[in-house]
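Here is a quick walk through this model, for reading with the structure open beside you. Have a look at the loops, the cores and the helix packing.

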Amino acid sequence: MVLIWTQFGVKHKNVNVKCKVRVMHRGDSSGSSSSADSSKSEQETPCLSIKPTGKDFYKVLGVTPESNEDEIKKAYRKLALKFHPDKNSDADAEDRFKEIAEAYEILTDPKKKSIYDQFGEEGLKNGGNIFRNNFPSDPHSTFSNFFHGSDHFDIFFGNDFEAEDDLFNPFRRFPFSHVGGFGGCENGLRRGQKVLQGEAVVHDLPVTLEEVMHGCTKHVKVTRSRLNPDGRSLRSEEKVLNVVVKKGWKAGTKITFPREGDETPSSAPADITFILRDTEHPQYKREGSNIVYTAQITLKEALCGCTVNVPTLDNRMMPLPCSDVIKPGAVRRLRGEGLPLPKSPSQRGDLVVEFQVVFPDRIPPQSREIIKHSLAQC
């Protein structure tokens, strides 16, 4: 009777498997033959090649089994950008994009890679629930996760997506231009073309003179549309923008928040712009950095003189003596009691006092004669 013991060794999925065959005759107590017989009975013979079946994911990414993780990532980045269906309009682009993502997910996962190297694609499909449940994954999620949620328009249409230098750098940001668009492209958007940014969203931002006087920060909640990680569907989200209003800023000043507005699959996020608008004040009217206060005085005060108490924006009372005759519409200035100058907030404009003379509805006859006599020389 002859007993055969075999030993298999697998070096790699693409390398033929060799087996060692040892022939043992009945009566051998040690499990080995004599030296003369040993060379004849123990030998290595090539067996049938055992190659994993299914897709060759190394070939899909254009890498070798000896490639390290960075080389795999570098290959995925280049191919994913080339075959993304939003950029490439070839008939097979969608399938290539899915296949590239599938290869990347497997070759960068140590457990999946180990099973794939030994048993191939079928081994992953039949190797247990842990792999059957998530194989293959969503290629668009893979793409978004790889680029850390970066704006996919920046990624697609930057000027250097085919450059060989620094192809994989997690801290890299990609250039973007706001001009151009998708129209008139037979083969998809090509390198050098630009994507259109959405139209800016404009809001009025009302501010009081007191807020302009001291400066303030307004918290504005906006609702906007944003792309989901798949790069196609949209979600609605809210965000609070902190709008800083500096001292002395004039009405009409624009404050822009770049790329904080709506986003769509065909356009990059729009800007949000706030335009300052002065709210009506019960006491003052604004004229640039000056504020105008209207003081009402009687005819007697206008002719005989008076002292007018003028309120300021910081809640003080400024006495303004008037000894001369005050004509209707006359003005006086309180220097440095206005609003801060936008370019030099330590300096301020003026508080302009405009006089309004209130005339009596009637004058008694005796008073009229006195006035005539008193004004005879005027």
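## Two loop residues with positive phi

R259 sits in the loop that links β7 (254-257) and β8 (272-278); strands here are DSSP runs (E, at least two residues), and helices are runs of H or I with at least four, numbered from the N terminus. R259 isn't a glycine, yet it has a positive phi of about 60°. With a relative accessibility of 23%, R259 counts as partly exposed; on this scale buried is under 20% relative accessible area, exposed is over 50% and partly exposed is in between (1.4 Å probe, protein chains only).

N315 is another non-glycine with a positive phi, about 65°. You'll find N315 in the loop between β11 (306-311) and β12 (317-322), and it is exposed, at 73% relative accessible area.

## What you're looking at

This is a predicted model, so local features need pLDDT of at least 70 and side-chain atom pairs count only at pLDDT 80 or more, while totals for chains, interfaces and linings use all residues. Residues are numbered from 1 along each chain as its sequence is written, and side-chain values use heavy atoms, with hydrogens and water left out.

The protein chain has 11 helices and 16 strands. Of its 378 residues, 36% count as buried.

## The cores

The largest nonpolar core has 37 residues; such a core is a set of buried Ala, Val, Leu, Ile, Met, Phe, Trp, Tyr and Cys residues joined through side-chain atoms within 4.5 Å. F274, I297, V310 and F355 have the most contacts inside it. Leaving out residues up to four places away in sequence, V310 touches Y293, R316, M317, M318, L320, L334, L351 and V353 (contact means heavy atoms within 4.5 Å).

Another core, of 25 residues, lies apart from that one, and L81, Y104, L107 and F146 are among its members.

## Helix packing

Helix α3 (residues 69-83) packs on α4 at an angle of about 165°, with the axes 9 Å apart. Axes are lines fitted to C-alpha atoms, for helices over the stretch in contact, and angles run from 0 to 180 degrees between N-to-C directions. That makes α3 roughly antiparallel to α4 (over 145 degrees; under 35 is roughly parallel, 65 to 115 roughly perpendicular and the rest oblique). On the α3 side, I72, K73, Y76, L79, A80 and F83 meet α4 residues including F97, I100 and Y104.

Helix α4 (residues 93-107) also packs with α5 (residues 110-125), at about 135° and with axes 10 Å apart. That makes this pair oblique.
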